[in-house]
Amino acid sequence: MGKVTGFLEIDRQEARYQPASDRIRHYREFTLPLSDAEVAGQAARCMDCGIPFCHGPQGCPVNNQIPDWNDLVYADDWKEASRNLHSTNNFPEFTGRICPAPCEEACTLNLENTPVAIKTVEQAIADKAWANGWIAPETPEAKTGKTVAIIGSGPAGMAAAQQLARAGHDVHVYEREPKAGGLMRYGIPDFKMEKRHIDRRVEQMEAEGVTFHYGVNVGVTMPVSELVESHDAVLFAGGAERPRDPQLPGQDLKGVHYAMPFLVQQNRRVGFENHIPETPVEAFAKHVVVIGGGDTASDCVGTSFRQGAISVTQLDIRPVPPKVEDKLLTWPYWPTKFRTSSSQAEGAEREFAAVTLGIEGKNGKVVGVKCARADAKRQPIPGSEFVLKADLVFIALGFSGPVKEGLVEQSGVALDKRGNVLADETSYVTSNPKVFAAGDMRRGQSLVVWAIREGRQAANAIDTFLMGSSKLPR
């Protein structure tokens, strides 16, 4: 914990944002960080709560030792705070930016709606560690002579690769895209996390012995069998990329798109990639409707505003949630309550309890989205129909699992009832004893922090498989 009476003396304070009118003019991060003294003050609010749910299973999937590094920041020992933080989390500068912070919802002070600003402190520690050169390659003392192939360079693949390289294995990461990062690079906009953070981690990992192979689509441009035969172990960490299909009437009209290709395309532009394979989609001077109420939908909102959309409306089938949850029913678990993302705060109209009935068009182009109000069972209420003007529609209803064509089908591994690669949370091994799976490809659509956890645990399982035991943390 920090200062014994800190939670009584210091108010909760989070990092501030640039004004919306300024930040929609660029794609850079717009968070205005707190000073070191302000961060230390927030860390000092960590109280002697007895059972710190923040770093238990309810709060932090990677089990960050939050009270410990809060106390270290309060004591001005930032370097030790960084060491402690990195002992459980390979990439705290990622989670400090894009994790929704279930740890804060699990904080004891959240019973009074004033949780410790854990996410703000975490990002500050990671950024200071990079600025001061405390983060350096950690090379193994000896090589094991074992080779591991990792398919996919998202957070699960990156975390597993780094851990296995540090254990002395020869690690090769195979990535379909021109650069590493997976959904973090190509799905999450730069205004939420600039890609320089990924680039420097890749440099660190390369110095630790990880070899990245870009432009390799395993199962398409390279047979899966080739990797399985030429490596001692293989990890599938390709993510969950298959979008949920609502099968709406008019969905094939020009101007109707799934969310991810739109976001990927814009991230390619910001990253100055020369080749953009996606069909050009731009929101400039258009009325945009986003179907879906999650993070991907919110990213479409923010990207549309930066591209110059006239208006952006977001549809959510759920009723308006309460502004404050019933703590006695939900704490310390993640509650359903009214939240406004930074992108939504940039001027989006939000329609709750809205069922999308279909897409209306004229001359083959979208002109509107037909909706109705939803009842308690999320069914349309007769007579409540309305139409929203739309020149561009994005479908952002989440993902239904990994793409089956190519890697999954060719490998022949067993799938669970949801269509994900079947593997448990202890061994992470698939129906092929030499092949492992982690991240969204195994557990389904989830958070970056869960992917990091699974990558670390899969690395422990693979190391144990190869060596008989492992010193890698789970």
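Is Ala285 buried, partly exposed or exposed? Ala285 is partly exposed, because its relative accessible area of 38% lies between the 20% and 50% limits. The legends below describe a predicted model.

Figure 1. Of the 474 residues, 54% count as buried. Among contacts with a separation of 6 or more, 67% are between residues 24 or more positions apart.

Figure 2. Ala285 is placed in the loop between helix H13 (259-270) and strand S8 (287-291).

**Figure 3. The cis peptide bond from Trp331 to Pro332.** The omega angle of this bond is near 5 degrees. Pro332 lies in the loop that runs between helix H15 (327-330) and strand S10 (349-351).

**Figure 4. An open sheet of five strands with parallel pairing.** The strand order is S7-S14-S8-S9-S10. Strand S7 (256-258) and S10 are at the edges with a single partner strand each, so one side of each has no neighbour in the sheet. On average, neighbouring strands of this sheet are turned by 20 degrees against each other, direction ignored. S8 pairs with strand S9 (residues 311-315) in the parallel sense, over five bridges. Thr313 in S9 is the bridge partner of Val289.

**Figure 5. Helices H13 and H14 against the five-stranded sheet.** H13 lies across S7 and strand S14 (392-395), and runs at about 80 degrees to S7. Helix H14 (residues 295-307) packs on the sheet and touches S8, S9 and S14. The direction of H14 makes about 175 degrees with that of S9.

**Figure 6. An open sheet of three strands with antiparallel pairing.** The strands follow the order S11-S12-S13. Strand S11 (354-362) and strand S13 (386-389) form the edges; each has a single partner strand, so one side of each is left without a neighbour in the sheet. From one strand to the next, the twist averages 30 degrees. S11 and strand S12 (residues 365-373) are joined by eight bridges in the antiparallel sense. Glu360 stands opposite Gly368, which belongs to S12.

**Figure 7. The crossing of helices H4 and H8.** The axes of helix H4 (residues 66-74) and helix H8 (residues 118-131) come within 11 Å and cross at roughly 65 degrees. The crossing is left-handed. Which residues make the contact? From H4 these are Ile66, Trp69, Asn70 and Val73, and from H8 they are Ile118, Val121, Glu122 and Ile125. By class, six of the contact residues are nonpolar, one is polar and one is charged.

**Figure 8. The buried residues of H4 and what covers them.** In H4, the buried residues are Ile66, Pro67, Trp69, Asn70, Leu72 and Val73. Their cover includes helix H3 (36-43), helix H5 (78-86), helix H7 (102-106) and H8. H4 is followed by Asp76, whose phi is positive, near 65 degrees.

**Figure 9. Gln162, a buried residue of helix H9.** Gln162 is placed in helix H9 (residues 155-166). Gln162 counts as buried because its relative accessibility is 0%, and the limit for buried is under 20%. Apart from neighbours within four places in sequence, Gln162 is in contact with Asn90, Phe91, Gln204, Met205 and Glu208.

How values were computed. Residues numbered from 1 in each chain as written. Predicted model: local features only at pLDDT ≥ 70, side-chain atom pairs only at ≥ 80, totals over all residues. Heavy atoms only, no water. Pairing = 2+ DSSP bridges. Helix = DSSP H or I, 4+ residues; strand = E, 2+ residues; numbered from the N terminus. Axes fitted to C-alpha atoms, helices over the stretch in contact; angles between N-to-C directions. Left-handed = near helix turned anticlockwise from the far one by under 90°. Contact = heavy atoms within 4.5 Å. Nonpolar A, V, L, I, M, F, W, Y, C, P; charged D, E, K, R; others polar. Buried < 20%, exposed > 50% of the residue type's maximum accessible area, 1.4 Å probe, protein only.
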